[in-house]
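Please look through the structure shown below before reading on.

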Amino acid sequence: MDIIVEYFNKVMNHPFKWFLIIFAVVVIVYLFTLFLPFRRKKAKVSEVTEKEEKTSEEETNVEEETNVEEEKETETLAEEEKETEALVEEEKEAEALAEEETLVEEEKHKVLGKWIIKKKSEEDYILTLVANNGEIILASESHANVAGAKNSLQTLIKNIENDNFQLYCDKNDQYFFKLKDGANKLLAMGQIYSSKKSALNSINSVKRFYLAELSEEVVEDVLYSRYQPKDFDLSNVKDAYRGKWIIKKVEESFVAELRASNGEVILVTERYSSINSVYSAIETLKKNSFEGNFVIDCDKNKNYFYRLRNANKLTLAIGETYDKLSSVVSSIESVRKFCETAEIVEKLEDDKEAK
């Protein structure tokens, strides 16, 4: 600091001090004028750099936004493609399912047999389901004319689809099934088989063939044989020759067996949901038995059996099978006699041996 003061004093005492002062001012002004453009250039360069950086940042942001938009568009396109593929797959599956259903229907009609109306008498027409091997696998109840038999087809189809089958076994271990409606009314029955397996296979055949076409042809079948009622006197029947109605519980149902004086079962009622229904059924059977409302039928093996029917030709009971017509007539007469003389006995414990 002292050096600067000393230098300043020398300048002030110098003979050319004003010259030196002016020269110093000129030098300072000159240096300032040189430095000022540099500062402006630096500031300008700095400003340009900031602008470039800002522009670069904006461009980066725009690029990022563009990339995000492109990614969104790509994802949207991918989703649309997936949806389109899914719709195409659904359409293919629907077409395949429709084609499969068509093939199934065609196959059904290819293998199905026929529904054929058969004449059993001038006032008895039944609707039978015949497999493509010619075997009768289902025979309906009797109808008064051909139109009645035709009209019963839809009822049979409905109850086949509802699986309203009941399997039975007679005293000779012969198996057969009945098709009923929801009110336990008998609609049709199958053939008689020597084994339970054969009867069940026959039910499956009915389920397989029931969509068969109805033939316009009416075929004459083995005709019903009419039973001619005989008068009989029951006033002097001894107690030893009286039969019994045995009411039994079979699983959740009730039935009544008519037994001869030797204990042989000669008639079995339908299955009912209550004991009162069984008592009503017994009275109905007794009335129609007394009036002789029997017809004798014949199965595919030429075995004879009776049908006890009411006035409307509805089957109330079906008898055992016999190889001779005379044997069936004897059975009918036994039923008529014991129906009238039998007492009713309830045996309501579950029948474990029921088949």
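A residue is called buried if its relative accessible area is under 20%, exposed if it is over 50%, and partly exposed in between, with a 1.4 Å probe and protein chains only. By this rule Y227, at 7% relative accessibility, counts as buried, and F294 is buried as well, with a relative accessible area of 2%.

This is a predicted model, in which local features need pLDDT of at least 70 and side-chain atom pairs count only at pLDDT 80 or more, while totals for chains, interfaces and linings use all residues. Residues are numbered from 1 along each chain as its sequence is written, and side-chain values use heavy atoms, with hydrogens and water left out.

**Strands around β10**

Strands are DSSP runs (E, at least two residues), as helices are (H or I, at least four), and they are numbered from the N terminus. Two strands pair if DSSP finds at least two bridges between them. Strand β10, which covers residues 253–259, has 5 of its 7 residues buried, so it is largely enclosed by the rest of the structure. Strand β9 (residues 244–250) runs antiparallel to β10 and is joined to it by 7 bridges, and S253 in β10 is the bridge partner of V250. The hairpin of β9 and β10 has 2 residues between the strands, and in this hairpin E251 takes a positive phi near 60°.

Strand β11 (residues 265–268) also pairs with β10 in the antiparallel sense, over 3 bridges, and here V265 in β11 is the bridge partner of R259. In the hairpin of β10 and β11, with 5 residues between the strands, G263 takes a positive phi near 90°.

**Aromatic rings**

Rings of Phe, Tyr and Trp (its six-membered ring) pair if their centres lie within 6.5 Å, and planes under 30 degrees apart count as stacked, over 60 as edge-to-face and the rest as tilted. The structure holds 4 aromatic pairs, including the two in this table.

| Pair | Centre to centre | Angle of planes | Class |
|---|---|---|---|
| Y168 and F176 | 5.6 Å | 10° | stacked |
| Y227 and F294 | 5.8 Å | 80° | edge-to-face |

Ring pairs link Y227, F294 and Y306 into a cluster.

Both Y168 and F176 are buried. A charge sits over a ring if NZ of Lys or CZ of Arg is within 6 Å of the ring centre and within 35 degrees of the ring normal. The charged end of K178 sits over the ring of Y168, 4.3 Å from its centre, and the charged end of R271 sits over the ring of Y168 at 4.4 Å from the centre.
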